[in-house]
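Here are a few notes from my read-through, put down point by point. Have the model open alongside.

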Amino acid sequence: MTQKTVAVLGAGMVGVATALELQRRGLAVTLLDRRAPGLETSYGNAGVIARSSLMPFNHPKLWGNLPGLLKNQGTGFRYNPAFVAANLRWAMGFVGNARHSVFAETTAALDALISLSTAEHKRLLGEVNELSRLRDNGWMFLYRSLQAFDAPGAQLGRETMEQFGIATQTLDAPAISDLEPVLAPVFAKALWIKDSYSVNSPGAVVKAYAQAFVARGGALKTTELRTVRQSVTGRWSVVDGDGTREYDRVVVALGPWSSQFLAGLGIDVPMGFERGYHMHYAAGDTSARLQRPIYDTAGGYVLSPMEQGLRLSTGVELNACDAPMKPQQLEQAEAAARQALPLGQRLEQPLWMGRRPTLPDSRPVIDEMPGRPGLWLAFGHQHIGFSTGPGTAALLAARMLGDAQLPLDPYPFRASRFL
């Protein structure tokens, strides 16, 4: 019997994990992207794998925060009014989904996806001999005032984590200092999320997974992707910079570029882009080191210890996918971080930016395209694609191959929500 062929378009965490899983399930897989694996958003994230990420940005308390967010002056959130005006379908859907019924469905779906992905990450890291990159000491949400800790959104987050049985511990200022001595005494309270992991180089993890895919016989091709076409036989032709090749199935896992790519097929994807920046810094005090990622809720940044140095990653800038960079958000976040600990000099140039693709309900699409058999979709993971890539791969492969028992409920991730 001829081995089924699959083209996976996109070599970020989602695409690489999907290629690996389909290969493991016996398919002949080709992985295609314009760049080498893990060099886009999967490279520059905070490296956190945490069930606490089940909390979407458009939660029910968003309504109370909107007046402040619309001022467009915060460090953690900025937006381009022209982009929002040009994408009202997405914007109105995103805000409209900040209601309790959608929130309940989203948190349950994301918790299942993150939990599955965590187990898959552990398996894969063991297989590629990279378990030493994994930390199991959690991460911390830091609050500069008691009022911030007691704010409605923060309370909802703690209640939701408790509902799902996520292990946390509330810390006062002395306990924060005991756990992270390098931090200055600017934080009144913290939530230590114990039930989470982090890695010291997410880009290196994606690269290791891709190397394993190739070592096991997978084909990796760096090329400019142009379009896909379905033939009368039902097979799919992938057109790239080198020509055209047919496959039995195609998976679109192009992250923020998925909407632009699918527009060429007449498929309108309502996608927003949570752009974010990062920078690496030397440690300013060699006698103390940050032990785990921290999220300064007022400063609007996450700081993670990486093998390249301390990585500062910013919050959200809503803008067009490939609009010019705006360094102001990073400058503000860096100033706040220097209040919290002794950051050394910047270690790299130029400034790095990633795009986090977000659908109106903050859930990805993991499904076959309605009406187009053989065209599979895996995108829209917002800022948790690194956390959810392996679980996405497991669900997509199980559905593609017709497993009687699926690893999680596929309904929340159905394409027909929007397409």
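**Notes on helix packing and some buried residues**

1. The crossing of α1 and α10 is left-handed. On the α1 side the contact is made by M13, V16, A19, L20 and Q23, and on the α10 side by V205, V206, Y209, A210, A212 and F213. Bear in mind that this is a predicted model.

2. Staying with that pair: α1 covers residues 13-24 and α10 covers residues 202-215, and their axes come within 9 Å, crossing at roughly 30°. Angles under 35 degrees count as roughly parallel, so α1 is described as roughly parallel to α10.

3. Helix α12 (residues 328-340) has a length that checks out. With 13 residues at 1.5 Å a residue, α12 should span 18 Å, and its end C-alpha atoms sit 19 Å apart, which agrees.

4. Which residues of α12 are buried? They are Q329, L330, A333, E334, A336, A337 and A340. These cover an arc of only 165° around the axis, so they lie on the same side of α12. As a reminder, an α-helix has 3.6 residues a turn, so residues three or four places apart point the same way.

5. Helix α8 (residues 152-163) passes the length check too: its 12 residues reach 16 Å from first C-alpha to last, close to the 16 Å expected at 1.5 Å a residue. After α8 comes G165, with a positive phi near 70°.

6. Have a look at H59, in the loop between β3 (48-50) and α3 (62-70). Is H59 buried or exposed? Its relative accessible area is 10%, and buried means under 20%, so H59 counts as buried. Leaving aside neighbours within four places in sequence, H59 is in contact with N65, A98, F103, G153 and L156.

7. Last one: I176, in helix α9 (residues 173-179). I176 counts as buried, at 4% relative accessibility. Setting aside neighbours within four places in sequence, its contacts are M140, L142, L171, L183, F187, A188, K189 and A190. I176 and L191 are 15 residues apart in sequence, and their C-alpha atoms are 9.3 Å apart in space.

Methods: Residues are numbered from 1 along each chain as its sequence is written. This is a predicted model: local features need pLDDT of at least 70, side-chain atom pairs count only at pLDDT 80 or more; totals for chains, interfaces and linings use all residues. Side-chain values use heavy atoms; hydrogens and water are left out. Helices (H or I, at least four residues) and strands (E, at least two) are DSSP runs, numbered from the N terminus. The expected span of a helix is 1.5 Å times one less than its number of residues. Buried means under 20% relative accessible area, exposed over 50%, partly exposed in between (1.4 Å probe, protein chains only). The arc is that of the directions from the helix axis to the C-beta atoms. Contact means heavy atoms within 4.5 Å. Axes are lines fitted to C-alpha atoms, for helices over the stretch in contact, and angles run from 0 to 180 degrees between N-to-C directions. Angles under 35 degrees count as roughly parallel, over 145 as roughly antiparallel, 65 to 115 as roughly perpendicular and the rest as oblique. A crossing is left-handed if the near helix is turned anticlockwise from the far one by less than a right angle, and right-handed if clockwise.
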